[in-house]
Amino acid sequence: MKYKIKKGSHFANFTWNRLFPFVSNKISGIVHFSDSCLVKEEVAGWNKLTGISSIKIHENSARLVWRSDGNKIKISGYVYYNGVRNEMFITSLKTENYYKYSIEYKYRSWIITINNKSIIMAGNMGFWKFRCFCYFGGRSVAPEDMYIEL
């Protein structure tokens with residue numbers, strides 16, 4: 001699925017897959033960042049790529065997140081564990097390439113992997129699960145149209 005985050009927006013374009021329930025403890029796939037994601041100016045915070053969340057996203061969830069340093073895409077993972085957010089850097093990626101990723105919850109831990117590099121973080125997951133989709137910023141909006149394929 002190709003997502004477009006429009007200049008001045010947080011959310012990517014609507015896709016029908018957002019309406020389907022999510023029951024798994026794992027998501028996996030391939031990600032492709034276009035050159036449009038290489039932002040030259042400093043943007044505060046992390047942009048969300050994908051993740052798994054309980055009903056309260058800022059209580060118990062795990063996310064694969066990204067931001068540009070102007071030359072590459074920096075990738076981290078972060079976990080909300082009982083309301084406390086922890087993050088960990090994973091790797092840097094080039095744009096216009098395809099990379100495998102996964103997020104999995106097992107044994108009270110989140111395993112977040114991209115491009116064969118993994119981190120493991122303690123966490124919790126409730127019964128109800130939701131898949132998280134592309135989102136730019138938190139404080140900032142997309143400085144230009146950006147394209148991400150998941």
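**Note on aromatic contacts, sheet and salt bridges**

1. The structure holds seven aromatic pairs, where rings of Phe, Tyr and Trp (its six-membered ring) pair if their centres lie within 6.5 Å, planes under 30 degrees apart counting as stacked, over 60 as edge-to-face and the rest as tilted. In one of them, the ring centres of Tyr78 and Tyr80 are 5.8 Å apart and the planes stand at 90 degrees, so this pair is edge-to-face. Both Tyr78 and Tyr80 are buried (buried means under 20% relative accessible area, exposed over 50%, partly exposed in between, with a 1.4 Å probe and protein chains only). Phe33, Trp66 and Phe136 are linked into a cluster by ring pairs.

2. The model is a predicted one, in which local features need pLDDT of at least 70 and side-chain atom pairs count only at pLDDT 80 or more, while totals for chains, interfaces and linings use all residues. Residues are numbered from 1 along each chain as its sequence is written, and side-chain values use heavy atoms, with hydrogens and water left out.

3. An open sheet is formed by five strands in the order β6-β5-β4-β3-β10, with antiparallel pairing. Strands are DSSP runs (E, at least two residues), numbered from the N terminus, and two of them pair if DSSP finds at least two bridges between them. Strands β6 (84–93) and β10 are at the edges with a single partner strand each, so one side of each has no neighbour in the sheet. Between β4 (residues 60–68) and β5 (residues 73–81), which run antiparallel, there are nine bridges. Leu64 is placed opposite Gly77 in β5.

4. Two charged side chains lie over aromatic rings, a contact that requires NZ of Lys or CZ of Arg within 6 Å of the ring centre and within 35 degrees of the ring normal. The charged end of Arg67 sits over the ring of Trp46, 3.7 Å from its centre. Arg85 lies over the face of Tyr78, 4.1 Å from the ring centre.

5. How many salt bridges does a search of the whole structure find? The search finds two, a salt bridge being a side-chain nitrogen of Lys or Arg within 4 Å of a carboxyl oxygen of Asp or Glu. Arg85 forms one with Glu87, with the closest N and O atoms 3.0 Å apart. Arg85 is partly exposed at 37% relative accessible area, and Glu87 is partly exposed at 40%.

6. Lys4 and Asp145 also meet in a salt bridge (3.6 Å, N to O). This pair links distant parts of the chain, 141 residues apart: Lys4 is in strand β1 (residues 2–5), and Asp145 is in the loop between β10 (130–132) and β11 (146–149).

Key: Helices (H or I, at least four residues) and strands (E, at least two) are DSSP runs, numbered from the N terminus.
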